[in-house]
Amino acid sequence: MIVLREQFVHCFQLRSQLHPLNYSSHYRVMKLPLLAASAAPSAARTVAKSIATCVAASVGLLGGGLLIQLPAQAFSYTTNFTAELSGDDASKGNIWLDSVTLGDGTVIDDFAMVTGAEIISNDLWSGGNTGAASADRGDLADGIKVEDASNLDIMMALNNNNLNNIIDTEDTGNFAMNLFFEESIDEVFLWERGRNSKLALQAIDTEGNTLGSLVELDYSSEWDYAGYDIDTMEIGDAQQVGSIGVSLDDFGLSSSIAGLRVVSESSFNGPDWKLMGAKRKVPEPSAMAGLGVMMGGLLLRRRRAR
Ligand SMILES: [Ca+2]
Ligand SMILES: [Ca+2]
Ligand SMILES: [Ca+2]
Ligand SMILES: [Ca+2]
């Protein structure tokens with residue numbers, strides 16, 4: 001509890017950096033006033049986000065499943081892909097994800113795939129357009145289409161970089177599922193067919209326990225256009241695909257995560273989605289140590305030269 005109290009003190013110290021800027025306290029988490037980033041001057045937004053992250057991390061220390069919801073920050077990126085077919089068939093065939101380009105020009109082409117799925121709940125499929133999450137694919141694409149999807153079917157729809165292998169959800173479908181990645185991740189890349197639905201995400205550990213805060217994304221009409229359309233087995237015409245990125249900051253976490261809980265509620269308009277993760281590239285500790293040795297060597301040589 002001492003750690004927790006110190007953490008909150010740290011949050012308040014961050015908050016004090018906002019003075020003398022005007023801000024409003026729209027968010028209340030455990031009776032701690034938080035600044036509404038949208039109402040704040042841009043200079044204050046970074047501090048506001050730090051406070052939000054800080055408080056989320058503090059609350060995370062409490063454990064015990066206490067859930068707080070923060071406004072999603074999310075991030076944009078460009079989807080770089082190769083459509084195998086051309087013309088009208090492009091939206092029906094395999095569409096391979098090559099890489100994504102982040103806003104700062106960083107190119108990520110090494111993705112962590114979903115290697116395990118655990119359906120917690122999924123509306124029962126009883127024929128036709130019933131049920132919730134199912135495995136879907138482009139009309140002319142490789143992959144599977146299974147309405148009454150099992151854990152294995154969910155995993156197979158996601159465990160590849162074919163953007164035309166997705167999870168389709170019926171309009172008022174409810175589901176919750178845990179997804180585990182081949183390695184722990186720092187970022188999530190998400191695509192939604194139709195640009196007309198939304199999803200909620202939460203980080204999980206290797207046991208499937210939730211971590212940090214629940215992130216309820218905006219409707220995908222607010223996301224970026226990913227630059228391609230898809231026409232899958234479950235729909236009659238090609239639909240635009242939207243993209244959005246979610247980072248550890250959005251979850252109020254600072255260390256890599258093993259998986260995600262993905263949730264759709266009946267008001268989310270049946271998200272039809274693909275996602276994968278990536279590890280943020282930071283210098284290896286051994287490389288840093290090597291750099292330290294090099295610097296030390298330089299200093300020594302300079303001293304000797306005197
Ligand atoms: Ca379906
Ligand atoms: Ca949709
Ligand atoms: Ca179709
Ligand atoms: Ca849908």
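So, the secondary structure of this chain comes to five helices and 16 strands. Keep in mind that this is a predicted model. The chain has 306 residues, and 38% of them count as buried. If you take contacts between residues at least 6 apart in sequence, 69% of those join residues at least 24 apart.

Let's start with the three-stranded sheet. It's an open one, ordered β3-β4-β5, and the pairing is antiparallel. β3, residues 77-83, and β5, residues 107-108, stand at the edges with a single partner strand each, so one side of each has no neighbour in the sheet.

Now the pairings themselves. β3 and β4, which covers residues 95-102, run antiparallel over seven bridges. On the β5 side, the antiparallel pairing with β4 has two bridges. T101 turns up again here, with V107 as its bridge partner in β5. β4 and β5 make a hairpin with four residues between them, and G105 in that turn has a positive phi of about 95 degrees.

Okay, on to the five-stranded sheet. This is another open sheet with antiparallel pairing, and the order is β6-β9-β15-β11-β12. Which strands are at the edges? Those are β6, residues 114-122, and β12, residues 210-216, and each of them pairs on one side only. From one strand to the next, the twist averages 20 degrees.

Inside that sheet, I picked out β9, residues 175-185, and β15, residues 257-264: they run antiparallel and are joined by seven bridges. I185 stands opposite I257 in β15, if you'd like a pair to zoom in on. Then there's helix α3, residues 151-158, which packs on the sheet and touches β6 and β9. The direction of α3 makes about 130 degrees with that of β6.

What about the nonpolar side of things? The largest nonpolar core has 50 residues, and the ones touching the most other members are I154, I167, L179, V188 and L190. β9 gives the most to this core, with six residues.

Take I167 from that list. Leaving out residues up to four places away in sequence, I167 touches A133, A135, I154, A157, L158, D272 and W273.

That brings me to A133, my last stop, which is found in strand β7, residues 133-137. Is A133 buried or exposed? It's buried, because 31 other C-beta atoms lie within 10 Å, and the cut-off for buried is 20 or more.

Methods
Residues numbered from 1 in each chain as written. Chains lettered and ligands numbered in written order. Predicted model: local features only at pLDDT ≥ 70, side-chain atom pairs only at ≥ 80, totals over all residues. Pairing = 2+ DSSP bridges. Buried ≥ 20, exposed ≤ 12 C-beta atoms within 10 Å, placed from the backbone. Axes fitted to C-alpha atoms, helices over the stretch in contact; angles between N-to-C directions. Contact = placed C-beta atoms within 7 Å. Core = buried A, V, L, I, M, F, W, Y, C linked by C-beta atoms within 7 Å.
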